[in-house]
Amino acid sequence: MEEKQHKNKFYSLDNAGFLYTAIASSRMSTVYRISVGLSEPVDSTILQKALEQIIHRFPYFQVTLKRGFFWYYYQHTEAIPKVGEETYYPCKTMRQRQGKTFPFRVLYYKSYIHVEFNHSICDGAGGLVFTQTLLIEYFKIQKGISPKNLGKAMDIESEVDPKEFEDSFKVYYKGKVPSPPSSKKVFHFPFELLDKGEYLLLTGIVPVDPLLGLAKIHQCTITQFMLALYFESIQEYIQGLPMSEKKKQRQLIAINVPVDLRKMFPSITLRNFFISLNPEIDLALGYYTREEIIEQIKGYMGLYMNRKNINRYISRNVRNEQFIFLRIIPLWVKKLFMPIVYNRFGERGYTSGLSNLGVVSVPEEIKAYVKSFEVFPPPSAESRLKLVMVSYNGSLSLSFGKTTGETVIEKIFFRKIRKLGIPVKIETNKR
Amino acid sequence: MAYCPKCGVEVEHGVKKCPLCDFPIPNVDDAYELVNSKYPQAINTYYQDHLGKKNLAFFSIGIIILSMIVIVGVIYMVYPWNHELLKYVALGLISIFAIVFFAMDYLKPNYNFLGAYMTVVITCYCVYNISGSQNNWFLDYALPIATLLYLGVSLFRLVLKHTRHQSKFVFIPTNIIIFSIVIAIGLDGIISLNILGNLHLTWSLVVAASGVCIIILLQTIYHRIPEKTRKIIREKLHI
């Protein structure tokens, strides 16, 4: 009965999804990747079986993108997604607009499972729930393990809760809240872009405990500490640039930090539900020490990371979406202008992005078989280097996704971590 | 375990150089890299995907144009009706086809641009022949103006290529103004040569003078006046 309800069901895109489908291009695929390292090589037949078992529990992911007159929308499909061996560059464009593919793909290579999601269907938190469920099912078939405590993963026998696919932006939207101030133009990396279709990944794996200790000494969170190191690295890079001191001091560095709103609002949605804050340091005020950057970030987060302020962002975004004159513009016109508007007003406001997906865990019973978790950001032309951090089993993966071949920022960043006496292991797909 | 001696980071076993600083790392086992690398040798499908879409568009346009040429040909043979007009239509269609081909970027950019220029010149020459005009407008105006535009745009592209990483809002307007000045002087020159018989620049000098002023203003805003000049201005103009 429940399954029948989802057949031919139409899913309107969520607030962030509208933007992602409109701005997607061959360079900005809006696809992010969750990688899981296993202790043994992946069995593709079992992975396919596991995917087939769980997909019915996620009817809102078993969809294809359709073209409406005013907006795109997702429609349920009876087709079953197929797993594939990794052969192409990561986060490759999904030919969604042609209505040919699912908004996600499951890949494998040796002992790694990669699940790539289009950001228009879900954010990192939603993607992790799907990946964890897939992992549990994989080991259930392969090893006959049925964990008692599923953690954040879904029980595939349970009923689908409509709240899992609600657009929480609209649910928690409050009208008549003034918009936040608009962003200023900030420093962008002047690196040469890679060829279209290419995307480089670079991960630094570090132990969590010493970093936690350092964060404790500075009385901040681990995200704030890593953010400070990232700011410091970009500042050091600018200091070393061959430009006049006056020009250097005109630079403003801002880093886009997505905030998972499920921690602030009682939402269980698996679709997008996040807002980005933009902490910044202005070099016109002089160069910052690490302590000063940490104080600046703590002050910023204290001031802006609260429900009242977040409401301003939600309200602005939903108001823009519901603005009648924008809604009645035909889709092909929106598709023409949205990338320009996004490049002009969206990405000009931050130098890079740092997203922390927090601590990922898997049930105790399968922990021995799951070696690592990594999450990579979607590629972007303006913000050529972005960072995602996720910790699993005492290790923190600092994963850079890059549309440039330069490694100067990562070099400064990881050398800083090494100078703190913390070991770093580097992995990359660059040949 | 392998380490980069410069960065101090651990790297994957078998890698030849540090992923951060490119410092060479002695490789003990060449085969290890191929077998144990975490990522496969990735294939970029962008050009293949892009070429597929491009071919589809080009062949669709090609078929439409070809069909229209056939229709025009049949009309030309069957009906003895205004042959001159039909020749213009056929010429227009062939020119559009050639321009679409060069715009589709199948060749190198320079060849495409040269091809588009040649198409324009040949089309003008054919129009000149079909019309059987008495005055020599093709050699006097069409060829020099097309050549001027070709050289002007080539210059513009060259300058833009070398300044593309600079501030967009200063360098692009500057380049457009330089381009306009070159074109204005060229046009003025061609017109004066044909009408007066000698080079006599008039309105283009006004365009050039105003353009240069705007460029100086833009560049001054961008680079700011040097401290030394500012000091002189401060001293000389102090009240």
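Predicted model: local features only at pLDDT ≥ 70, side-chain atom pairs only at ≥ 80, totals over all residues.
Residues are numbered from 1 along each chain as its sequence is written, while chains are lettered from A and ligands numbered from 1 in the order in which they are written.

Strand β16 of chain A (residues 425-428) runs parallel to strand β2 of chain B (residues 10-11), and two bridges join them. Strands are DSSP runs of E with at least two residues, helices are runs of H or I with at least four residues, and both are numbered from the N terminus. Two strands are said to pair if DSSP finds at least two bridges between them.

The contact between the chains draws 28 residues from chain A and 19 residues from chain B. Here two residues are in contact if their C-beta atoms, placed from the backbone, lie within 7 Å. On the side of chain B that touches chain A, there are eleven nonpolar, five polar and three charged residues. In this classification Ala, Val, Leu, Ile, Met, Phe, Trp, Tyr, Cys and Pro are nonpolar, Asp, Glu, Lys and Arg are charged, and the others, Gly among them, are polar.

Within chain A there are domain 1 (2-153) and domain 2 (200-428), with bounds that come from an automatic or database domain assignment. Their C-alpha centres lie 24 Å apart. Across the boundary, 48 residues of domain 1 of chain A are in contact with 43 residues of domain 2 of chain A. On the domain 1 side, α2 (15-23), β2 (31-38) and α4 (124-143) of chain A each supply at least two residues, and α4(A) gives the most, with nine residues. By class, this side has 27 nonpolar, 15 polar and six charged residues.

Two residues of chain A deserve a look at their backbone. C91(A), which is not a glycine, has a positive phi near 55° and lies in the loop between β5 (84-85) and β6 (104-109) of chain A. K176(A), likewise not a glycine, has a positive phi of about 60° and is placed in the loop between α5 (168-171) and β8 (200-207) of chain A.

Are C91(A) and K176(A) buried or exposed? A residue is buried if 20 or more other C-beta atoms, placed from the backbone, lie within 10 Å of its own, exposed if 12 or fewer, and partly exposed in between. C91(A) is buried because 22 other C-beta atoms lie within 10 Å, whereas K176(A) is exposed because 6 do.
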